[in-house]
Structure formats: structure tokens, C-alpha cells
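Please look over the sequence and the model below. The briefing that follows takes the structure topic by topic.

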Amino acid sequence: MSEEERLKDRAAGCMLGLAIGDALGAPYEFAGEGAAGAVAMRFLEWGGLPAGSYTDDTQMSIATAESILACGKLDVEDLARRFAGMAGEIRGIGTTTRLVLEKIRGGASAQHAAEATHLELGGKSAGNGAIMRIAPVAVAYWMDIPALDAAARAAAGIVHYDKVAQDAATAVAQVLAFLLSGATRIEQALATAEVLFMEKGREVALALRDGATARAGELKPGSAYVLDTLACVVWALLEGESYEE
């Protein structure tokens, strides 16, 4: 297998893994922390949809990939229009995303819609959706870390105005980029991201460290706060060797 073929294989695995994780977790979305210990490691029906159906996170990831392909780059307004155009088709949407997309459909710019929703929710827009749909950005920009940072921040910011959410999305995109580039040790990729964020996003760096050192009982898998989810992601990535694990 050539290096180009290996890269394509890693990129396909990145996108497929996103959809698999989403479909496994879909029946438990919004169920809170009490559902965490009862998750079945198989696809289940949910919301009247067949087993294996994914949510808005994969739908919006596909839209992100299609927008980048169409525009040749991450174009915020194009992507925002694509997100807003999914009305009626989008599944399992959260409050922040719903409010932002309603404003965009009403004619607001992406930046105004995100900021207005952030204020409307009392300054709380650091939801975990910011990291759930960032994989296509990493696939597109993995060779250029500064461009990747800017694109990840812009993509997350369409819905999540909060800087912490944007920092977390950038950190996840960086970890994915390191792995796409051929890094063989997940620990090394995580440690590199932690060092990079210790100065510009200390909360994110600490969440990366927490995930790498925590025991399962110390995590908050039912939380929608992006840093809680980030720690869970890191822990699961280090502890599991298969999608089921």
C-alpha cells in the first residue's frame, strides 16, 4: 500500500468512525448521566429510525465535507447555509444548534446567529457538538496546522460562539491531523496537542490530561459540556482497541 493509499484509508476510517460512534450513541442522546452504564454496544432503533441510524452530528459532518469539496476551503457562510438548509431532515438536534440555525434561516449571518444565541442562553454555548463534527476539517487541512486551527475554529464557531468550544474543536482536529499524518502512537499525538494548548487554551490542555489519566468513574459521560466530552473521548481512545470497546 502506497503512502497516498494509507492516508486515504486513515481518512476514511476517521469519517467512518465518526458515524459509527454517533450511531451507537444515538439512542442515549439527551438521556443524561444515568444512561451511561447501560449503553449496549450494538446498534439500536431510536426515534422511529432503524438500528444504525446516525444523528445530526454525522449529517452536519457530511455537509461540512461537501462544503469544503465544493468551495475548495472551509467557507463559513456556505457551510452555515448548508446547515440551515437541512431543516426537516436533521435528527437529534440540540438547543444551541436549533436556535442558531433558526436565526440563519431568518437571514442572520453565521457570526451574528452564533453570538446572539450565546447571549440568549446566558453565555453558554460550549456544547460538545463543536467537536463531534470536526473530523472533515482535519481530513482537509491535516498538512497545514495553522490553516487547520483557523478552519476548525471557524467551523465550530458557526454554532458554538464560546471560545472554549472552539479551542476544543481545534485540539481534536490537531490530534486527528497528527494521526492522519502517520503518527503511530496515540499518546504522542495527545501529548503534542496538550503542549500546544497549555498556553493558548489551558482548560483544553487540562481536559486532554484529565482524559489520559482518569479512571472511568471520574469521567462525566452524560454531560454535554465540551470539555467533559473531550476528556471522555481521550480516555476511550486510549482504553479501547475496537469500536465496541
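In this predicted model, Ile 104 is in contact (heavy atoms within 4.5 Å) with Ala 80, Ala 84, Ser 109, Ala 110 and Ala 113, leaving aside its neighbours within four places in sequence. Residues are numbered from 1 along each chain as its sequence is written, and side-chain values use heavy atoms, with hydrogens and water left out. Because the model is predicted, local features need pLDDT of at least 70 and side-chain atom pairs count only at pLDDT 80 or more, while totals for chains, interfaces and linings use all residues.

- Ile 104 is found in helix H4; helices (H or I, at least four residues) and strands (E, at least two) are DSSP runs, numbered from the N terminus.
- With a relative accessible area of 11%, Ile 104 is buried; buried means under 20% relative accessible area, exposed over 50%, and partly exposed in between (1.4 Å probe, protein chains only).
- Ile 104 and Ala 114 are 10 residues apart along the chain, and their C-alpha atoms are separated by 9.0 Å.
- Thr 96 also lies in helix H4, and Thr 96 counts as buried because its relative accessibility is 15%.
- Not counting residues up to four places away in sequence, Thr 96 touches Thr 117, Leu 121, Lys 124, Ser 125, Val 159 and His 160.

**His 160, a contact of Thr 96**

- His 160 has its place in the loop between helix H8 (145-157) and H9.
- The relative accessible area of His 160 is 3%, so this residue is buried.
- Besides Thr 96, the residues that His 160 touches include Ser 125, Gly 127, Gly 129, Ala 130 and Arg 133, when residues up to four places away in sequence are not counted.

**Helix H2**

- Helix H2 covers residues 56-71, which makes 16 residues.
- From its first C-alpha to its last, H2 reaches 22 Å, close to the 22 Å expected at 1.5 Å a residue; the expected span is 1.5 Å times one less than the number of residues.
- The buried residues of H2 include Asp 56, Asp 57, Met 60, Ala 63, Thr 64 and Ile 68.
- Among the elements that cover the buried residues of H2 are helix H1 (3-25), helix H3 (76-84), helix H4 (95-105) and helix H7 (135-141).
- Gly 72 follows H2 and has a positive phi, near 80°.

**The nonpolar core**

- In soluble globular proteins, nonpolar side chains tend to be buried together.
- The largest nonpolar core here has 58 residues; such a core is a set of buried Ala, Val, Leu, Ile, Met, Phe, Trp, Tyr and Cys residues joined through side-chain atoms within 4.5 Å.
- Val 137 and Leu 230 have the most contacts inside this core.
- Helix H9 (residues 163-180) gives the most to this core, with 12 residues.
- Val 137 touches Thr 64 and Ile 68, along with Leu 74, Leu 148, Ala 151, Ala 152 and Ala 155, not counting residues up to four places away in sequence.

**Phe 178 in helix H9**

- Phe 178 lies in helix H9 and counts as buried, at 17% relative accessibility.
- Leaving aside neighbours within four places in sequence, Phe 178 is in contact with Ile 145, Ala 183, Ala 189, Thr 192, Ala 193 and Leu 196.
- The C-alpha atoms of Phe 178 and Ala 80 are separated by 27 Å, and these residues are 98 apart along the chain.

**Cysteines**

- The structure holds zero disulfides (a disulfide is a pair of cysteine sulfur atoms within 2.5 Å).
- Cys 14 is in no disulfide, and the nearest cysteine sulfur, that of Cys 232, is 19 Å away.
- That distance of 19 Å between the sulfurs of Cys 232 and Cys 14 is too far for a bond.
- Cys 14 counts as buried at 16% relative accessibility, and Cys 232 counts as buried at 16%.

**The whole chain**

- The protein chain has 12 helices and zero strands.
- Along its principal axes, the C-alpha trace spans about 45 × 40 × 35 Å.
- Of the 245 residues, 45% count as buried.
- Among contacts with a separation of 6 or more, residues 24 or more positions apart account for 61%.
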